[in-house]
Amino acid sequence: MADTPYRTLAARPNADTLVKPGELVDVVEVTPLTLADRRIYNLLLENAWDAIDKPVTHVIAKSLLRGSHNANDRIGASIERLMSAIVRIEVVWDGEPAIERVQLLGGNVETLRSDGLLEYEIPARLRKIIGNSTIFARLQREVMFALTSKYALTLYEMVQKRGNLRWRASEKFTLEELRGILGVPRGKLGSWSNLKLRAIDPAVIEVNALSDYVVEIAPIKTGRAVTHVELRWWKKDGEGQGASARELGFSKVGRKERLTGTAEPVAPPLRPRPATLDGRGAPLRTETYETARLRHPGYDIYYVEGAWRDWARGREPAADPDRAYLAFFRTFAERNPL
């Protein structure tokens, strides 16, 4: 008796990662989406996960979709693009390979209050595809928000989908297939040199710096023209994963210069901890304050420490105060964007 394949719906999101069905990774967008659109869509999938294959309405707070932006008009524009987006997905239907064209997002209702809600539906055909899915990408939330282009996010998802396949470490695509998956708009980046310079190389640099994998995209020529590419990937060792974790802890400001070796910005010295905090708990480690400052530029790290200590008063003491402070800071920044 053949083994029952592992269902994507059996995978669970957690505090650090979310799950994306593989069929929604290698999609060809008929309507190109933006980086913000793709992030928002991933969050909508995560929010709906427990009943994503059911004909129900899902509800999410708009504040969870805004990221670092305060305005709700960005959400509305993204939702409308996702509603109008049609994607082509390769599926197996009745034992035969097929192309299915589906909408990414169904009908929805957005309350107008800035702290309001979004009610939305997953289209029926897409629910069926997700319900039958047996391969998925597990995405680190911190990496998803650190990547700065839609090409980098898409490449990251492609590698996360394939990274745990023991029997392969590379895959070939036609140039047009890669353009479609990356979501390159029609008529843009027409030559291989432009595509490589503007989309592929920057994406590879970011994914290599921030993810747990090393990735390469090598051109393959037919005659004198590049007609195909080979995507290659392999898992980083402990040192490489540690370097990625450290880079994620730094501010996005100056990241391009750090990754390309063109500059090394020096942060100003950490200012002294205010005496008003002395009676509210022992200071945290210096590197904890540095990490908080780099992850959340513009925030007063000591003000947030005070807010954290007020919140923690009367609760069970944290086993790791430094880690608890950083976790609180992340939630604080999401709820109080600059």
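I began with helices H5 and H7, whose crossing is right-handed. For the handedness, I call a crossing right-handed if the near helix is turned clockwise from the far one by less than a right angle, and left-handed if anticlockwise. My helices (H or I, at least four residues) and strands (E, at least two) are DSSP runs, numbered from the N terminus.

Before going on, I noted that this is a predicted model, where local features need pLDDT of at least 70, side-chain atom pairs count only at pLDDT 80 or more, and totals for chains, interfaces and linings use all residues. Residues are numbered from 1 along each chain as its sequence is written, and side-chain values use heavy atoms, with hydrogens and water left out.

**H5 against H7**

I looked up the geometry: the axes of H5 (residues 150-162) and H7 (residues 192-210) come within 8 Å and cross at roughly 60 degrees. Axes here are lines fitted to C-alpha atoms, for helices over the stretch in contact, and angles run from 0 to 180 degrees between N-to-C directions. H5 and H7 are therefore oblique to each other. The classes are roughly parallel under 35 degrees, roughly antiparallel over 145, roughly perpendicular from 65 to 115, and oblique for the rest.

Which residues of H5 and H7 make the contact? From H5 I listed Tyr151, Ala152, Leu155 and Tyr156, and from H7 Arg198, Ala199, Ala203, Val204, Glu206 and Val207. Contact means heavy atoms within 4.5 Å. By class, I found eight nonpolar, no polar and two charged residues in the contact of H5 with H7. Ala, Val, Leu, Ile, Met, Phe, Trp, Tyr, Cys and Pro count as nonpolar, Asp, Glu, Lys and Arg as charged, and the others, Gly among them, as polar.

**H5 against H6**

Next I took H6 (residues 175-182), whose axis comes within 9 Å of that of H5, with a crossing of roughly 110 degrees. That makes H5 roughly perpendicular to H6. On the H5 side I noted Lys150, Tyr151, Thr154 and Met158, which meet Leu178, Ile181 and Leu182 in H6. The class count for H5 with H6 is five nonpolar, one polar and one charged.

In the loop between H6 and H7 I found Leu189, with a phi near 50 degrees, a positive value in a residue other than glycine.

**The open sheet**

I then turned to three strands that form an open sheet in the order E3-E7-E6, with antiparallel pairing. E3 (58-61) and E6 (108-110) are the edge strands, each pairing on one side only. Two strands pair if DSSP finds at least two bridges between them. E6 and E7 (residues 117-120) have three bridges, and Val109 stands opposite Glu119 in E7. Helix H1 (residues 35-48) packs on this sheet, touching E3 and E7, and its direction makes about 125 degrees with that of E3.

E4 (86-93) and E5 (96-103) came next; they pair in the antiparallel sense over eight bridges. One pair I checked is Val91 with Ala98 in E5. Two residues lie between the strands of this hairpin, and Asp94 in the turn has a positive phi of about 55 degrees. Is Asp94 buried or exposed? At 77% relative accessibility, Asp94 counts as exposed. Buried means under 20% relative accessible area, exposed over 50%, and partly exposed in between (1.4 Å probe, protein chains only).

**Arg141**

My last stop was Arg141, in helix H4 (residues 141-146). Arg141 counts as buried at 16% relative accessibility. Leaving aside neighbours within four places in sequence, I found Arg141 in contact with Asn14, Ala15, Asp16, Thr17, Leu43 and Glu46.
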